[in-house]
Amino acid sequence: MKTITPTRRQLLGIAACALTLATALPDARASDGFPGGPVRILVGFPAGGTIDVVTRQVAEQMREDLGVPVTVENPTGAGGQLAAQALKRAAPDGRTLMVAPDHTAVIIPLTLANPGFSMTTDFAPVGLVANYAGALAVSQASGIKDLPGLIAASKTQPAAANVGVAAAGSKPQFDLGALSKQQQTTLNSVPYRGSVPMVQDLAGGHLSAGITALGDFLEFHRAGKLKVVAMVGDRRSPLLPDVPTAKELGYAMQTDFWVGMFAPAGTPKAAVERLNQSLNKALATAKVRERMAGLVFEPKASTPAELTERMAAETKYWAPIISASGWVKQ
């Protein structure tokens with residue numbers, strides 16, 4: 001049998017065809033609004049934290065849907081500022097995204113004179129990722145049994161007025177300030193570097209109370225090391241159905257939290273829509289929903305417009321509260 005050996009010209013032709021096919025693949029995917037190529041999602045908080053874990057689960061599902069690598073990077077620091085600044089510098093091609101909490105999207109722009117980004121002009125909302133409930137807990141050592149008891153104790157026992165919050169200039173801090181004015185008392189915010197050390201001090205009896213996400217309290221509550229006495233958002237949690245909301249008890253507190261996904265401003269509308277579809281598809285999968293449930297997160301699919309409306313509504317709510325607190329922008 002005669003062996004046919006390709007000539008050098010034929011080999012070059014085969015290579016050229018392969019290159020043409022390879023470069024055509026991203027163009028083919030662009031027909032559905034997505035430009036193709038790897039995607040990176042920025043998370044401005046440490047790897048292994050709840051927002052990072054949720055994002056990585058979503059990224060895995062989006063990779064399967066988009067058919068391209070989707071990785072997570074963690075430019076951590078300053079409450080998500082560094083990630084937001086990195087997103088601002090990224091090319092608006094749909095291949096760099098950011099998953100950020102409401103603290104980054106709403107509170108930082110209201111509390112810093114120059115955060116290095118504008119949520120309204122530098123970013124294009126892709127969609128909501130999740131909601132998660134806020135709660136108020138008391139130390140078992142404090143002897144306080146409920147939220148009215150905390151208010152009463154704060155008027156007669158200075159130590160009872162120390163309430164831990166996960167960060168300075170955060171929703172819980174401003175909520176406490178507003179509550180103090182409502183009840184004509186003084187509840188002192190004690191800022192920590194994150195929820196973990198605050199919850200540990202609360203469980204150890206070094207604080208009388210604290211406010212953060214319910215998920216950070218839940219294990220300690222179930223172990224009897226602290227007691228969740230009120231939800232500080234709009235509704236009770238199905239995980240603790242007997243715990244009332246602060247509003248049910250007559251206190252105007254609004255410390256629920258959420259997480260959203262953003263792209264750089266100028267990202268083509270078709271790319272944003274395709275990413276939104278992929279995100280919502282990921283949030284509907286059993287794997288993502290189960291993982292979020294374990295972290296006490298609630299998947300929340302939305303349109304880009306709904307995320308924009310959410311940010312606007314929260315900015316309108318928190319701006320006067322922050323102003324009335326006397327907070328001076330740094």
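This is a predicted model: local features need pLDDT of at least 70, side-chain atom pairs count only at pLDDT 80 or more; totals for chains, interfaces and linings use all residues.

Visitor: How do you know that the distance between the end C-alpha atoms of H9 agrees with the number of residues?

Guide: The expected span is 1.5 Å times one less than the number of residues. For the 15 residues of H9 that gives 21 Å, and the end C-alpha atoms are 21 Å apart, so the two agree.

Visitor: Which residues of H9 are buried?

Guide: The buried residues of H9 are Ala 271, Val 272, Arg 274, Leu 275, Asn 276, Ser 278, Leu 279, Asn 280, Ala 282 and Leu 283. The label needs a relative accessible area under 20%.

Visitor: What makes H2 oblique to H9?

Guide: Helix H2 spans residues 50-66, and it packs on H9 at about 120 degrees with the axes 9 Å apart. Roughly perpendicular ends at 115 degrees, and roughly antiparallel needs over 145. The angle of about 120 degrees falls between those limits, so H2 is oblique to H9. The crossing is right-handed.

Visitor: Which residues make the contact of H2 with H9?

Guide: H2 supplies Val 58, Gln 61, Met 62, Asp 65 and Leu 66. H9 supplies Arg 274, Leu 275, Ser 278, Leu 279, Lys 281, Ala 282 and Leu 283. By class, seven are nonpolar, two polar and three charged.

Visitor: Which residues of H4 and H11 make the contact?

Guide: From H4 come Asp 102, Ala 105, Val 106, Ile 107, Leu 110 and Thr 111. From H11 come Met 311, Glu 314, Thr 315, Trp 318, Ala 319 and Ile 322. Eight of the contact residues are nonpolar, two polar and two charged.

Visitor: Why does Leu 240 count as buried?

Guide: Its relative accessibility is 9%. Buried means under 20%, so Leu 240 qualifies. Leu 240 sits in the loop between strand S9 (226-231) and strand S10 (257-264).

Visitor: What does Leu 240 touch beyond four places away in sequence?

Guide: Leu 240 touches Leu 214, Leu 218, His 221 and Val 228. Val 228 is 12 residues from Leu 240 along the chain, and their C-alpha atoms are separated by 8.7 Å.

Key
Residues are numbered from 1 along each chain as its sequence is written. Side-chain values use heavy atoms; hydrogens and water are left out. Contact means heavy atoms within 4.5 Å. Helices (H or I, at least four residues) and strands (E, at least two) are DSSP runs, numbered from the N terminus. Ala, Val, Leu, Ile, Met, Phe, Trp, Tyr, Cys and Pro count as nonpolar, Asp, Glu, Lys and Arg as charged, and the others, Gly among them, as polar. Buried means under 20% relative accessible area, exposed over 50%, partly exposed in between (1.4 Å probe, protein chains only). Axes are lines fitted to C-alpha atoms, for helices over the stretch in contact, and angles run from 0 to 180 degrees between N-to-C directions. Angles under 35 degrees count as roughly parallel, over 145 as roughly antiparallel, 65 to 115 as roughly perpendicular and the rest as oblique. A crossing is left-handed if the near helix is turned anticlockwise from the far one by less than a right angle, and right-handed if clockwise.
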